[in-house]
Amino acid sequence: MFESRIAVITSAFVFLIAATPFAKAQDIINVVAFNAENLFDTVNDADNPRDDTYLPLSVKSAMSDHEANCERFNGSGSFYFRQCMNLNWDLPTYHTKLKRYADVLKAMPAMPDIVVIAETENRQVLEDLTSRELPDESFHIVQLDTSDEPDSRGIDVGILSKFPIVGTPQAHVVDFGRNENSCGKTRDIVQAGFALPDGETLHVFGVHFPSGRSPFICRIIAFQKLNNLVSALPEKSLAVAAGDFNINCVEGPSDAFTRLLVRNGWYASPLVSSGCRAPGSSKFVDHSLNNWNTWSFLDMILVSSELSPTRPSDKSWFADLGSFNTLVVSTEQIIVDDRDKGFIEPRRFDPETGRGVSDHFPVGMRLIKRR
Ligand SMILES: [Ca+2]
Ligand SMILES: [Ca+2]
Ligand SMILES: [Ca+2]
């Protein structure tokens, strides 16, 4: 009798705990963009010579054309050639990399509801990330693995979402037209809809625009493609564009970038166009100013006008633009670069030591329920 009462009390208590998350309606949505920096698996994609850097040495040594491919895609004698030859990207290394990335998400003040992740090789790496390191989080995965190979190296933008996927996610190729010679090819823009707790659809565009090695016009063209995609949504749609825009702190304050935002009615934190200063999501070395070390927000989160906090809307959500910032939550994310006289920078993942995470800091922004 006594024992069965305990059992009843215990099971009631368990029920209360389990019921709590459903009892309180969710009124904050945390959106994060966090470039994973080379999140490759350990499996050789036979169709993509550019994933060969990220293989176990045992696999590399069994490939007769390995050295020739390393040379062909990285240049003879370069740092990347030596990495392609010598890096031992084996399972323990890969698993440590997954853990480092997940540890940052777990250390955030709240586990993000949506994470846009540049530099993921395929869907499997996000399956591995969530099943191994985030088993209690029930993320839905978007990773379409469509970006051009070998030009994209095989990396794509992926998205994790706590909210169910609405419709079919799509990948959009950026066509650089007559600028293709200088821009090459870039990662596809990934579009997915997610059902928010009130039933509204949030349209998320995950981006990873051409790097700073290419001219600004390449990022402008990619941004125009993004704007065309957002313009095609039904009127009053809620849209977020997030990821690695690769727009550095010199380009951020430019008239061109302002126009790209204004023409499409984007709202953004003023931080993304405030120039070369802290904070920022990645290191920027200003070669025009005696190699001055400073910061860029290559990673951004933009919201459509319907999510503006300063416009009336009959939708249920607005973006807290002031909440946009970097999320530096773990000592693994930072390192002091001795060569640069004590400058703090994001700590890249080092496969030999297993230390560090990524060459980017994550950025985050809250969406809040209107009352
Ligand atoms: Ca691979
Ligand atoms: Ca390969
Ligand atoms: Ca891929």
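What covers the buried residues of α6? Before I answer, please note that this is a predicted model, in which local features need pLDDT of at least 70 and side-chain atom pairs count only at pLDDT 80 or more, while totals for chains, interfaces and linings use all residues. Residues are numbered from 1 along each chain as its sequence is written, and chains are lettered from A and ligands numbered from 1 in the order in which they are written.

The cover of those residues includes α5 (91-107), β2 (114-120), β3 (140-142) and β4 (156-161), where helices (H or I, at least four residues) and strands (E, at least two) are DSSP runs, numbered from the N terminus. Within α6, residues 123-133, the buried ones include Val 125, Leu 126 and Leu 129, buried meaning that 20 or more other C-beta atoms lie within 10 Å of a residue's own, and exposed 12 or fewer, with C-beta atoms placed from the backbone. They lie on the same side of α6 because they cover an arc of only 100° around the axis, the arc being that of the directions from the helix axis to the C-beta atoms. The face turned away from that side carries the exposed Ser 131 and Arg 132.

Ser 282 stands opposite Ser 296, and 5 residues separate the strands, with Asn 290 in the turn having a positive phi of about 55°.

Note on methods
Two strands pair if DSSP finds at least two bridges between them. Two residues are in contact if their C-beta atoms, placed from the backbone, lie within 7 Å.
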